[in-house]
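Trainee: I am new to this structure, could you walk me through it?
Mentor: Gladly, let us look together.

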Amino acid sequence: MTSDNHNSLWRDFPKTATEFEARFATEEDCRAYWIEARWGGKPACARCGSHRVWTIRDGTTFECADCGHQTSLTSGTLLEKTRKPLKMWFRAIFEISTRRTGISGKDFQRIMGFGSYKTAWSWLHKLRTAMVRSDSDPLGPFVQADETLVGGKGGPNKQLVLVASEANGRVRLAHADNNDEATLKAFADSEIAAEAHVVTDGLASYNAKSLGQLSHEARVQTKAERREHDAIQSCHWTASLLKRWLIGTHAGAVRRQHLQAYLDEFTFRYNRRKTDGVVRIAARVIESAVATRPLTMRNLIDCTRPCRRFASEQTTPT
Ligand SMILES: [Zn+2]
C-alpha cells in the first residue's frame with residue numbers, strides 16, 4: 001500500500017467512541033475499510049492478481065472472473081479463518097488502542113462479552129502480534145543501552161530484557177537468554193545505527209566485540225551520580241515503566257514464552273506516546289493485521305518454546 005493511502009486511512013479513522021460507532025456501524029462499513037487497507041479499495045484475486053472479481057457469500061469472499069479462484073477477505077491475513085464478524089475485531093482494536101496502557105485479559109473479556117478468558121487472551125495476543133513497529137530505522141544518533149530483569153518471583157524465574165533507548169526518544173526491547181557479547185552484538189547490530197554514539201554502564205560485555213565499530217562510552221556511576229545526572233536515564237525510565245506496566249496492566253501474569261510479544265506491544269505504544277495517538281494506533285493495527293500472515297490459535301496457545309528474539313544458539317558464531 002502507498003504511504004498516501006496509509007495517511008488518508010488513519011486520518012479518516014474515528015477519534016471518539018461515538019465517531020467509531022457511527023463510522024463502523026455495520027459489517028459492510030468494516031469490510032469497506034478492510035478492503036481499503038488491504039487492497040487500496042480494489043480487491044485482487046489472490047491467485048492471479050486480477051481486479052475483475054465479484055462478491056459472493058454475503059460479502060466475505062470474492063470470485064475471480066479471470067481464473068475462478070475464490071479469495072476470502074481475511075485469507076492470508078492475521079484474521080484468516082475467523083468466524084467472528086470484522087465489526088467485532090474492529091471493536092476489539094478500538095478498545096485496545098484507546099487505552100494508553102493497554103488492557104488486561106480479564107477486562108478485555110468483560111468488555112467484549114467473551115464467555116471464556118482463553119478466548120479473550122487469544123484475541124489480545126493475536127492483536128498484539130499486529131502491534132509491531134512500522135519503521136525499521138535503527139536507533140540513533142545518541143543511544144543508551146542497558147538490561148533489566150522482569151517477572152517471576154526469585155532470581156531463576158526472572159527474565160532478562162535488553163533495553164536500547166534514544167535519549168527521550170524511541171526504544172527497542174528484546175527478551176534475551178543472557179547478556180554475553182554475542183547476544184549484545186545481535187541486539188546492537190539490529191537495533192542501533194552504525195554511526196550512533198552508545199552509552200552503557202560498566203558491564204564488561206559491552207566492548208569492542210559486542211559493539212563493534214560503534215562509538216562507545218562506559219559510565220560507571222555511583223548512586224549519588226545517578227541521582228544527579230543519570231547517563232542512562234532513558235533506559236532506567238523505560239525499564240521502570242515496563243515493570244509497572246507488566247504488574248499494573250497484566251498483574252505480572254506474563255508467561256515467559258509470550259514475553260517478547262508483550263515487549264513488542266509496550267514498545268509499539270511507547271514509541272507512539274508523543275506523536276501518534278489513539279487514532280493512529282488503531283489504524284496502524286488494522287494496516288498491520290491485513291499484512292500479517294495467519295497465526296492459528298493453536299500456534300498461539302500451544303507455543304511452548306520461549307520466543308526470545310536473540311537466543312544464544314542463534315547468535316553464537318559457528
Ligand atoms: Zn484470478
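What follows is a set of questions and answers on strands, cavities, salt bridges and aromatic rings.

Trainee: What should I know before I start?
Mentor: This is a predicted model, in which local features need pLDDT of at least 70, side-chain atom pairs count only at pLDDT 80 or more, and totals for chains, interfaces and linings use all residues. Residues are numbered from 1 along each chain as its sequence is written, and side-chain values use heavy atoms, with hydrogens and water left out.

Trainee: Which residue of E8 stands opposite His197?
Mentor: Helices (H or I, at least four residues) and strands (E, at least two) are DSSP runs numbered from the N terminus, and two strands pair if DSSP finds at least two bridges between them. Strand E4 (residues 142–150) and strand E7 (residues 197–200) run parallel and are joined by 3 bridges, with Phe142 opposite His197. E7 also runs parallel to strand E8 (residues 215–218), with 4 bridges between them. There, the residue facing His197 is Ser215.

Trainee: What is the volume of the largest cavity?
Mentor: A cavity is a set of points on a 1 Å grid over the protein atoms alone where a 1.4 Å probe fits but cannot get out, and lining residues have an atom within 4 Å of a point. Grid points are joined across faces, edges and corners, and a volume is the space filled by probe spheres set on the points. The count comes to 2 cavities of 30 Å³ or more. The largest has a volume of about 50 Å³.

Trainee: Which helix gives the most to the lining of the largest cavity?
Mentor: The lining is made up of Ala145, Leu184, Phe187, Ala188, Ile192, Tyr206 and Leu211. By class, these are 7 nonpolar, no polar and no charged residues, where Ala, Val, Leu, Ile, Met, Phe, Trp, Tyr, Cys and Pro count as nonpolar, Asp, Glu, Lys and Arg as charged, and the others, Gly among them, as polar. The most, 3 residues, comes from helix H7 (residues 181–191).

Trainee: How many charged residues line the second largest cavity?
Mentor: This cavity has a volume of about 40 Å³. Around it are Ile96, Gly102, Ile103, Leu124, Arg128, Met131, Glu265 and Arg269. Two or more residues each come from helix H6 (117–128) and helix H11 (259–270). The lining holds 4 nonpolar residues and 1 polar, and the charged ones number 3.

Trainee: Are Arg128 and Glu265 buried or exposed?
Mentor: They form a salt bridge, with their closest N and O atoms 2.8 Å apart; such a bridge needs a side-chain nitrogen of Lys or Arg within 4 Å of a carboxyl oxygen of Asp or Glu. Arg128 is in helix H6 and Glu265 in helix H11, so the pair ties together parts 137 residues apart in sequence. Buried means under 20% relative accessible area, exposed over 50%, and partly exposed in between (1.4 Å probe, protein chains only). Arg128 has 2% and Glu265 has 3%, so the class for Arg128 and for Glu265 is buried.

Trainee: How many salt bridges does a search of the whole structure find?
Mentor: One of them joins the side chains of Arg91 and Glu21, at 2.6 Å from N to O. Since Arg91 lies in helix H4 (residues 86–98) and Glu21 in helix H2 (residues 17–23), the pair ties together parts that are 70 residues apart in sequence. Another links Glu191 with Arg172, with closest N and O atoms 2.9 Å apart. The search of the whole structure finds 14.

Trainee: How is the pair of Phe13 and Phe24 classed: stacked, edge-to-face or tilted?
Mentor: Rings of Phe, Tyr and Trp (its six-membered ring) pair if their centres lie within 6.5 Å; planes under 30 degrees apart count as stacked, over 60 as edge-to-face and the rest as tilted. A search of the whole structure finds 14 aromatic pairs. Phe13 and Phe24 are 5.5 Å apart centre to centre, with 45° between the planes, and the pair is tilted.

Terms used
1 Å grid on protein atoms, 1.4 Å probe; cavity = no way out; pocket = protein on both sides within 12 Å on 5 of 7 lines; lining within 4 Å.
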